[in-house]
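Me: I would like to go through this model by question and answer, starting with the ligand.

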Amino acid sequence: MAKPKVVLGVSGGIAAYKACELLRRLTESGHDVRVVPTDSALHFVGEATWSALSGNPVSTEVWESVHEVPHVRIGQAADLVVVAPATADMLAKAAHGLADDLLTNTLLTARCPVVFAPAMHTEMWEHPATQENVATLRRRGAVVIEPAVGRLTGVDTGKGRLPDPAEIFEVCRNILNRHGLARGAAAAPDLAGRHVVVSAGGTREPLDPVRYLGNRSSGKQGYALAKAAAARGARVTLVEANTGIADPAGVDVVHVGTALQLREAVLKAVADADAVVMAAAVADFRPAVYAAGKIKKKDDGGAPTVELVRNPDILAELAADRALPGQVVVGFAAETDDVLANGREKLRRKGCDLLVVNEVGERKTFGSEENEAVVLASDGAETPVPYGPKEALAETVWDLILPRLRSTT
Ligand SMILES: Cc1cc2nc3c(=O)[nH]c(=O)nc-3n(C[C@H](O)[C@H](O)[C@H](O)COP(=O)(O)O)c2cc1C
(Lines give C-alpha, C1' and ligand atoms only; values in the text may rest on other atoms or scores of the structure.)
Protein backbone atom coordinates (compact mmCIF):
# COMPACT_ATOMS: atom_id res chain seq x y z
CA MET A 1 0.00 0.00 0.00
CA ALA A 2 1.29 3.49 -0.83
CA LYS A 3 2.52 5.45 2.16
CA PRO A 4 0.26 8.33 3.25
CA LYS A 5 1.65 11.59 1.92
CA VAL A 6 2.19 14.29 4.52
CA VAL A 7 3.42 17.81 3.84
CA LEU A 8 5.26 19.26 6.82
CA GLY A 9 5.26 23.03 6.47
CA VAL A 10 7.78 24.78 8.70
CA SER A 11 7.67 28.52 9.15
CA GLY A 12 10.22 30.82 10.77
CA GLY A 13 9.78 30.45 14.49
CA ILE A 14 12.30 29.55 17.12
CA ALA A 15 10.44 26.24 17.61
CA ALA A 16 11.39 25.08 14.09
CA TYR A 17 13.91 22.67 15.60
CA LYS A 18 11.04 20.80 17.29
CA ALA A 19 9.60 20.04 13.85
CA CYS A 20 12.61 17.70 13.35
CA GLU A 21 11.15 15.46 16.06
CA LEU A 22 7.70 15.61 14.46
CA LEU A 23 9.28 14.73 11.11
CA ARG A 24 11.07 11.76 12.64
CA ARG A 25 7.85 10.47 14.19
CA LEU A 26 5.99 10.84 10.90
CA THR A 27 8.63 9.07 8.80
CA GLU A 28 9.20 6.29 11.33
CA SER A 29 5.47 5.55 11.43
CA GLY A 30 5.37 5.00 7.67
CA HIS A 31 4.47 8.38 6.18
CA ASP A 32 6.04 9.85 3.08
CA VAL A 33 6.89 13.35 4.27
CA ARG A 34 7.68 16.31 2.07
CA VAL A 35 9.07 19.18 4.13
CA VAL A 36 8.23 22.63 2.81
CA PRO A 37 10.00 25.27 4.91
CA THR A 38 9.78 29.02 4.44
CA ASP A 39 12.92 31.06 3.81
CA SER A 40 12.72 32.30 7.41
CA ALA A 41 12.53 28.73 8.72
CA LEU A 42 15.88 27.99 7.08
CA HIS A 43 17.48 30.57 9.38
CA PHE A 44 16.64 28.21 12.24
CA VAL A 45 17.12 24.73 10.70
CA GLY A 46 18.94 24.22 7.40
CA GLU A 47 17.76 22.56 4.21
CA ALA A 48 20.22 19.67 4.64
CA THR A 49 18.54 18.59 7.89
CA TRP A 50 15.04 18.55 6.38
CA SER A 51 16.20 16.76 3.26
CA ALA A 52 18.25 14.12 5.10
CA LEU A 53 15.54 13.43 7.69
CA SER A 54 12.70 13.24 5.16
CA GLY A 55 14.55 11.56 2.28
CA ASN A 56 12.86 14.02 -0.06
CA PRO A 57 14.00 17.16 -1.86
CA VAL A 58 13.41 20.44 -0.09
CA SER A 59 12.60 23.78 -1.59
CA THR A 60 11.12 27.01 -0.29
CA GLU A 61 10.09 28.63 -3.54
CA VAL A 62 8.09 27.90 -6.67
CA TRP A 63 10.95 28.41 -9.15
CA GLU A 64 12.71 25.08 -8.68
CA SER A 65 11.81 21.93 -10.71
CA VAL A 66 9.25 24.08 -12.51
CA HIS A 67 8.50 21.28 -15.02
CA GLU A 68 6.95 19.32 -12.12
CA VAL A 69 4.75 22.29 -11.19
CA PRO A 70 5.52 21.76 -7.49
CA HIS A 71 3.46 24.76 -6.36
CA VAL A 72 0.35 22.80 -7.40
CA ARG A 73 1.34 19.13 -7.27
CA ILE A 74 2.63 18.97 -3.68
CA GLY A 75 -0.65 20.24 -2.25
CA GLN A 76 -2.84 18.22 -4.61
CA ALA A 77 -1.08 14.96 -3.75
CA ALA A 78 -1.11 15.42 0.04
CA ASP A 79 -3.24 13.37 2.43
CA LEU A 80 -2.47 15.82 5.23
CA VAL A 81 -0.69 19.15 5.55
CA VAL A 82 0.65 20.12 8.95
CA VAL A 83 2.37 23.47 9.55
CA ALA A 84 4.51 23.35 12.69
CA PRO A 85 5.48 25.82 13.88
CA ALA A 86 3.01 28.19 12.26
CA THR A 87 4.18 31.78 12.71
CA ALA A 88 1.82 34.73 13.13
CA ASP A 89 2.92 35.70 9.63
CA MET A 90 2.04 32.28 8.19
CA LEU A 91 -1.41 32.27 9.83
CA ALA A 92 -2.05 35.72 8.33
CA LYS A 93 -0.95 34.63 4.88
CA ALA A 94 -3.01 31.44 5.03
CA ALA A 95 -6.10 33.28 6.26
CA HIS A 96 -5.82 35.79 3.41
CA GLY A 97 -4.89 33.35 0.68
CA LEU A 98 -1.48 34.82 -0.12
CA ALA A 99 0.77 32.65 -2.25
CA ASP A 100 4.27 34.08 -2.38
CA ASP A 101 6.30 30.94 -1.66
CA LEU A 102 6.02 27.17 -1.99
CA LEU A 103 4.33 26.61 1.38
CA THR A 104 1.60 29.23 0.90
CA ASN A 105 0.94 27.90 -2.63
CA THR A 106 0.70 24.38 -1.19
CA LEU A 107 -1.84 25.55 1.40
CA LEU A 108 -4.05 26.90 -1.39
CA THR A 109 -3.86 23.77 -3.52
CA ALA A 110 -4.32 21.22 -0.71
CA ARG A 111 -7.77 19.63 -0.55
CA CYS A 112 -6.90 17.38 2.38
CA PRO A 113 -7.14 18.18 6.12
CA VAL A 114 -4.79 21.00 7.16
CA VAL A 115 -3.39 21.35 10.68
CA PHE A 116 -1.67 24.47 12.02
CA ALA A 117 0.38 24.33 15.22
CA PRO A 118 1.01 28.00 16.02
CA ALA A 119 3.95 29.11 18.15
CA MET A 120 4.78 32.68 19.01
CA HIS A 121 5.04 35.17 21.85
CA THR A 122 1.87 35.62 23.89
CA GLU A 123 1.36 39.18 22.65
CA MET A 124 1.48 38.02 19.03
CA TRP A 125 -0.93 35.15 19.75
CA GLU A 126 -3.39 37.34 21.62
CA HIS A 127 -3.34 40.18 19.11
CA PRO A 128 -6.80 40.59 17.55
CA ALA A 129 -5.27 40.25 14.07
CA THR A 130 -3.88 36.80 14.88
CA GLN A 131 -7.06 35.74 16.68
CA GLU A 132 -9.18 36.77 13.70
CA ASN A 133 -6.89 34.91 11.32
CA VAL A 134 -7.16 31.79 13.50
CA ALA A 135 -10.96 32.11 13.60
CA THR A 136 -11.04 32.45 9.80
CA LEU A 137 -8.89 29.36 9.32
CA ARG A 138 -11.01 27.35 11.76
CA ARG A 139 -14.23 28.48 10.11
CA ARG A 140 -12.88 27.19 6.80
CA GLY A 141 -12.20 23.78 8.33
CA ALA A 142 -8.52 23.93 9.27
CA VAL A 143 -7.49 22.44 12.60
CA VAL A 144 -5.61 25.09 14.56
CA ILE A 145 -4.04 23.53 17.64
CA GLU A 146 -4.09 25.81 20.68
CA PRO A 147 -0.53 26.71 21.69
CA ALA A 148 0.71 25.44 25.03
CA VAL A 149 1.53 27.60 28.02
CA GLY A 150 5.16 27.62 29.16
CA ARG A 151 8.64 28.89 28.49
CA LEU A 152 8.94 31.02 25.35
CA THR A 153 12.03 32.47 23.71
CA GLY A 154 14.38 34.19 26.13
CA VAL A 155 13.10 34.78 29.63
CA ASP A 156 9.41 35.05 28.74
CA THR A 157 6.74 32.54 29.67
CA GLY A 158 3.06 32.41 28.72
CA LYS A 159 0.73 31.03 26.08
CA GLY A 160 2.33 30.57 22.69
CA ARG A 161 4.61 27.60 23.08
CA LEU A 162 4.58 24.89 20.41
CA PRO A 163 2.86 21.82 21.86
CA ASP A 164 5.00 18.74 22.33
CA PRO A 165 5.82 17.17 18.91
CA ALA A 166 4.43 13.85 20.20
CA GLU A 167 1.06 15.52 20.73
CA ILE A 168 1.05 17.20 17.33
CA PHE A 169 1.90 13.81 15.85
CA GLU A 170 -1.05 12.26 17.70
CA VAL A 171 -3.44 14.88 16.31
CA CYS A 172 -2.12 14.22 12.78
CA ARG A 173 -2.36 10.46 13.14
CA ASN A 174 -5.91 10.65 14.47
CA ILE A 175 -6.95 12.85 11.57
CA LEU A 176 -5.34 10.52 9.03
CA ASN A 177 -6.97 7.50 10.66
CA ARG A 178 -10.39 9.09 10.71
CA HIS A 179 -10.30 10.35 7.18
CA GLY A 180 -8.86 7.19 5.73
CA LEU A 181 -6.59 7.78 2.84
CA ALA A 182 -9.16 7.97 0.10
CA ARG A 183 -8.32 10.86 -2.17
CA GLY A 184 -11.13 13.34 -2.39
CA ALA A 185 -12.39 12.43 1.08
CA ALA A 186 -14.05 15.36 2.80
CA ALA A 187 -11.28 17.87 3.49
CA ALA A 188 -12.75 19.39 6.60
CA PRO A 189 -12.81 17.26 9.74
CA ASP A 190 -16.43 16.74 10.81
CA LEU A 191 -16.33 18.95 13.94
CA ALA A 192 -14.46 21.80 12.22
CA GLY A 193 -15.91 25.19 13.09
CA ARG A 194 -17.62 23.84 16.23
CA HIS A 195 -16.91 24.77 19.83
CA VAL A 196 -17.39 21.97 22.32
CA VAL A 197 -17.02 21.87 26.08
CA VAL A 198 -15.99 18.76 27.98
CA SER A 199 -15.69 18.34 31.74
CA ALA A 200 -13.39 15.71 33.21
CA GLY A 201 -12.13 14.40 36.53
CA GLY A 202 -13.66 14.41 39.97
CA THR A 203 -14.44 17.40 42.15
CA ARG A 204 -13.05 17.70 45.68
CA GLU A 205 -15.16 19.35 48.35
CA PRO A 206 -12.94 20.74 51.10
CA LEU A 207 -13.71 19.89 54.70
CA ASP A 208 -10.75 21.56 56.33
CA PRO A 209 -7.29 22.68 55.08
CA VAL A 210 -6.09 19.06 54.78
CA ARG A 211 -9.19 16.99 53.97
CA TYR A 212 -11.79 16.82 51.24
CA LEU A 213 -14.68 14.69 50.04
CA GLY A 214 -13.70 13.29 46.65
CA ASN A 215 -14.41 10.49 44.22
CA ARG A 216 -12.46 8.02 42.15
CA SER A 217 -12.86 9.58 38.72
CA SER A 218 -9.49 9.66 36.91
CA GLY A 219 -10.57 12.00 34.11
CA LYS A 220 -9.30 9.64 31.39
CA GLN A 221 -12.68 9.39 29.63
CA GLY A 222 -13.08 13.17 29.56
CA TYR A 223 -9.57 13.61 28.18
CA ALA A 224 -10.26 10.99 25.51
CA LEU A 225 -13.39 12.95 24.54
CA ALA A 226 -11.50 16.25 24.43
CA LYS A 227 -8.64 14.84 22.34
CA ALA A 228 -11.03 13.12 19.93
CA ALA A 229 -12.99 16.35 19.40
CA ALA A 230 -9.78 18.32 18.79
CA ALA A 231 -8.65 15.74 16.24
CA ARG A 232 -12.04 16.10 14.55
CA GLY A 233 -11.44 19.81 14.17
CA ALA A 234 -13.41 21.27 17.07
CA ARG A 235 -12.30 24.11 19.28
CA VAL A 236 -12.34 22.37 22.64
CA THR A 237 -12.61 23.76 26.14
CA LEU A 238 -11.81 21.14 28.76
CA VAL A 239 -12.83 21.93 32.32
CA GLU A 240 -10.83 19.52 34.44
CA ALA A 241 -10.96 18.80 38.14
CA ASN A 242 -8.07 17.17 39.96
CA THR A 243 -6.86 14.80 37.24
CA GLY A 244 -3.15 15.57 37.26
CA ILE A 245 -3.10 14.75 33.53
CA ALA A 246 -0.98 16.97 31.26
CA ASP A 247 -2.95 19.44 29.12
CA PRO A 248 -3.59 17.84 25.72
CA ALA A 249 -2.46 19.62 22.57
CA GLY A 250 -5.07 21.66 20.84
CA VAL A 251 -7.34 21.96 23.85
CA ASP A 252 -8.03 24.97 26.06
CA VAL A 253 -7.89 23.65 29.61
CA VAL A 254 -9.53 25.31 32.61
CA HIS A 255 -8.40 23.85 35.93
CA VAL A 256 -10.90 23.74 38.79
CA GLY A 257 -11.18 22.01 42.16
CA THR A 258 -14.73 21.99 43.52
CA ALA A 259 -18.21 21.43 42.11
CA LEU A 260 -19.05 25.12 42.43
CA GLN A 261 -15.88 26.10 40.54
CA LEU A 262 -16.61 23.52 37.87
CA ARG A 263 -20.14 24.87 37.48
CA GLU A 264 -18.88 28.42 37.06
CA ALA A 265 -16.24 27.42 34.49
CA VAL A 266 -18.64 25.24 32.48
CA LEU A 267 -21.42 27.86 32.44
CA LYS A 268 -18.93 30.44 31.18
CA ALA A 269 -17.52 28.12 28.49
CA VAL A 270 -20.89 26.98 27.10
CA ALA A 271 -21.98 30.52 26.18
CA ASP A 272 -21.02 29.93 22.53
CA ALA A 273 -20.69 26.12 22.52
CA ASP A 274 -22.38 23.75 20.09
CA ALA A 275 -22.18 20.86 22.53
CA VAL A 276 -21.25 20.14 26.12
CA VAL A 277 -20.27 16.73 27.44
CA MET A 278 -20.28 16.40 31.22
CA ALA A 279 -17.91 13.49 31.83
CA ALA A 280 -16.69 14.82 35.18
CA ALA A 281 -17.85 13.19 38.40
CA VAL A 282 -19.30 16.17 40.22
CA ALA A 283 -19.92 15.78 43.95
CA ASP A 284 -23.63 15.76 44.80
CA PHE A 285 -22.90 17.09 48.29
CA ARG A 286 -20.32 19.29 49.99
CA PRO A 287 -19.60 19.89 53.65
CA ALA A 288 -21.96 22.57 54.97
CA VAL A 289 -19.12 24.21 56.84
CA TYR A 290 -15.47 24.55 55.88
CA ALA A 291 -13.34 24.42 59.02
CA ALA A 292 -10.60 27.03 58.79
CA GLY A 293 -8.32 24.93 61.02
CA LYS A 294 -7.68 21.18 60.87
CA ILE A 295 -10.47 19.27 62.63
CA LYS A 296 -8.87 17.64 65.68
CA LYS A 297 -9.55 14.22 67.24
CA LYS A 298 -11.68 14.49 70.33
CA ASP A 299 -10.27 13.39 73.68
CA ASP A 300 -13.45 11.43 74.47
CA GLY A 301 -12.76 9.08 71.52
CA GLY A 302 -15.77 10.36 69.56
CA ALA A 303 -15.81 11.43 65.93
CA PRO A 304 -17.23 14.66 64.51
CA THR A 305 -20.42 14.68 62.49
CA VAL A 306 -20.05 16.26 59.10
CA GLU A 307 -23.15 17.97 57.83
CA LEU A 308 -23.54 18.02 54.06
CA VAL A 309 -25.47 20.29 51.72
CA ARG A 310 -26.54 19.65 48.13
CA ASN A 311 -24.44 20.93 45.26
CA PRO A 312 -26.26 22.35 42.22
CA ASP A 313 -27.18 19.81 39.52
CA ILE A 314 -25.06 21.22 36.68
CA LEU A 315 -26.21 18.74 34.04
CA ALA A 316 -29.91 19.41 34.68
CA GLU A 317 -29.21 23.14 34.68
CA LEU A 318 -27.34 22.98 31.34
CA ALA A 319 -30.15 20.96 29.77
CA ALA A 320 -32.99 23.12 31.13
CA ASP A 321 -31.39 26.46 30.37
CA ARG A 322 -29.43 26.02 27.14
CA ALA A 323 -27.03 28.82 26.39
CA LEU A 324 -27.84 28.54 22.66
CA PRO A 325 -30.90 27.07 20.97
CA GLY A 326 -30.07 23.56 19.77
CA GLN A 327 -27.02 23.21 21.99
CA VAL A 328 -26.42 19.47 22.54
CA VAL A 329 -26.11 18.43 26.19
CA VAL A 330 -24.58 15.07 27.07
CA GLY A 331 -24.24 13.51 30.51
CA PHE A 332 -22.55 10.49 32.01
CA ALA A 333 -24.02 8.15 34.59
CA ALA A 334 -21.93 5.63 36.51
CA GLU A 335 -24.26 3.04 38.02
CA THR A 336 -23.69 -0.03 40.14
CA ASP A 337 -27.04 -1.82 39.78
CA ASP A 338 -30.10 -1.72 37.55
CA VAL A 339 -27.78 0.14 35.23
CA LEU A 340 -30.07 0.66 32.24
CA ALA A 341 -33.27 1.30 34.20
CA ASN A 342 -31.50 3.88 36.36
CA GLY A 343 -29.91 5.39 33.26
CA ARG A 344 -33.24 5.81 31.45
CA GLU A 345 -34.72 7.42 34.54
CA LYS A 346 -31.73 9.75 34.89
CA LEU A 347 -31.93 10.77 31.20
CA ARG A 348 -35.60 11.69 31.67
CA ARG A 349 -34.95 13.54 34.93
CA LYS A 350 -31.98 15.53 33.65
CA GLY A 351 -33.49 16.40 30.27
CA CYS A 352 -30.22 15.98 28.36
CA ASP A 353 -29.97 14.74 24.75
CA LEU A 354 -27.63 11.81 25.36
CA LEU A 355 -26.64 9.95 28.49
CA VAL A 356 -23.64 7.64 28.51
CA VAL A 357 -24.44 4.96 31.04
CA ASN A 358 -21.65 2.80 32.35
CA GLU A 359 -21.46 0.22 35.03
CA VAL A 360 -18.86 0.73 37.73
CA GLY A 361 -16.83 -2.47 37.63
CA GLU A 362 -13.50 -4.20 38.08
CA ARG A 363 -11.71 -3.28 34.88
CA LYS A 364 -13.87 -0.42 33.65
CA THR A 365 -14.94 3.13 34.44
CA PHE A 366 -12.85 4.63 37.28
CA GLY A 367 -9.14 4.85 36.54
CA SER A 368 -9.18 2.18 33.87
CA GLU A 369 -8.04 2.58 30.25
CA GLU A 370 -11.18 0.75 29.12
CA ASN A 371 -14.87 1.30 29.34
CA GLU A 372 -18.13 -0.30 28.27
CA ALA A 373 -21.33 1.69 27.99
CA VAL A 374 -24.74 2.18 26.49
CA VAL A 375 -25.50 5.61 25.08
CA LEU A 376 -29.15 6.47 25.67
CA ALA A 377 -30.75 9.18 23.55
CA SER A 378 -33.76 11.33 24.39
CA ASP A 379 -35.48 10.01 21.23
CA GLY A 380 -35.32 6.49 22.69
CA ALA A 381 -32.34 5.23 20.65
CA GLU A 382 -29.89 3.08 22.61
CA THR A 383 -26.34 2.47 21.32
CA PRO A 384 -24.32 -0.20 23.10
CA VAL A 385 -20.56 0.39 23.01
CA PRO A 386 -18.65 -2.86 23.65
CA TYR A 387 -15.78 -3.16 26.14
CA GLY A 388 -12.79 -1.34 24.67
CA PRO A 389 -10.51 1.68 24.94
CA LYS A 390 -11.98 4.92 26.24
CA GLU A 391 -10.91 6.50 22.93
CA ALA A 392 -13.37 4.25 21.07
CA LEU A 393 -16.24 5.29 23.34
CA ALA A 394 -15.21 8.92 22.83
CA GLU A 395 -15.48 8.57 19.04
CA THR A 396 -18.92 6.96 19.34
CA VAL A 397 -20.14 9.80 21.55
CA TRP A 398 -19.04 12.39 18.96
CA ASP A 399 -20.54 10.26 16.15
CA LEU A 400 -23.86 10.41 18.01
CA ILE A 401 -23.56 14.14 18.78
CA LEU A 402 -22.75 15.07 15.17
CA PRO A 403 -26.23 14.58 13.61
CA ARG A 404 -27.81 16.39 16.58
CA LEU A 405 -25.73 19.57 16.21
CA ARG A 406 -27.62 22.70 15.26
CA SER A 407 -27.24 23.82 11.67
CA THR A 408 -24.74 26.63 11.25
CA THR A 409 -25.79 27.63 7.74
C1 LIG B 1 14.94 34.70 16.73
C2 LIG B 1 13.57 34.86 16.15
C3 LIG B 1 12.55 34.08 16.62
C4 LIG B 1 11.27 34.21 16.08
N5 LIG B 1 10.28 33.41 16.57
C6 LIG B 1 9.02 33.55 16.10
C7 LIG B 1 7.98 32.73 16.60
O8 LIG B 1 8.17 31.86 17.46
N9 LIG B 1 6.74 32.90 16.09
C10 LIG B 1 6.46 33.85 15.15
O11 LIG B 1 5.30 33.97 14.75
N12 LIG B 1 7.45 34.61 14.63
C13 LIG B 1 8.71 34.48 15.09
N14 LIG B 1 9.72 35.27 14.57
C15 LIG B 1 9.39 36.23 13.51
C16 LIG B 1 9.31 35.53 12.14
O17 LIG B 1 10.51 34.87 11.85
C18 LIG B 1 8.97 36.56 11.06
O19 LIG B 1 7.65 37.03 11.27
C20 LIG B 1 9.07 35.98 9.67
O21 LIG B 1 8.71 36.95 8.74
C22 LIG B 1 8.19 34.75 9.50
O23 LIG B 1 8.28 34.29 8.18
P24 LIG B 1 7.50 32.99 7.68
O25 LIG B 1 6.13 33.06 8.23
O26 LIG B 1 7.50 33.10 6.18
O27 LIG B 1 8.27 31.80 8.12
C28 LIG B 1 11.01 35.14 15.05
C29 LIG B 1 12.07 35.92 14.56
C30 LIG B 1 13.34 35.76 15.09
C31 LIG B 1 14.44 36.60 14.53
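Reply: A residue counts as near a molecule or strand if one of its heavy atoms lies within 4 Å of it. This is a predicted model, in which local features need pLDDT of at least 70 and side-chain atom pairs count only at pLDDT 80 or more, while totals for chains, interfaces and linings use all residues. Residues are numbered from 1 along each chain as its sequence is written, and side-chain values use heavy atoms, with hydrogens and water left out.

Me: How many residues surround the ligand, and which are the closest?
Reply: The shell around the ligand has seven nonpolar, six polar and two charged residues. In this grouping Ala, Val, Leu, Ile, Met, Phe, Trp, Tyr, Cys and Pro are nonpolar, Asp, Glu, Lys and Arg are charged, and the others, Gly among them, are polar. The count is 15 residues, and the closest are G12, T38, T87, A88 and D89.

Me: Which helix gives the most to the shell around the ligand?
Reply: Helices are DSSP runs of H or I with at least four residues, strands are runs of E with at least two, and both are numbered from the N terminus. With four residues in the shell, the largest contributor is helix α5, residues 88-96.

Me: What share of the ligand's exposed area does the protein bury?
Reply: Polar contacts here are pairs of N or O atoms within 3.5 Å. Oxygen atoms of the ligand lie 2.7 Å from a polar side-chain atom of T87 and 3.1 Å from one of S40, and a ligand nitrogen is 2.8 Å from a polar backbone atom of A119. By the Shrake-Rupley method with a 1.4 Å probe, the ligand taken alone exposes 650 Å², and the buried share is 65%.

Me: Which residue of β3 is the bridge partner of V7?
Reply: Strands β1 (residues 5-10) and β3 (residues 80-86) pair in the parallel sense over four bridges. The partner of V7 in β3 is V81.

Definitions and conventions: Polar contact = N/O pair within 3.5 Å; in protein donor to acceptor, adjacent residues only side chain to side chain. Pairing = 2+ DSSP bridges.
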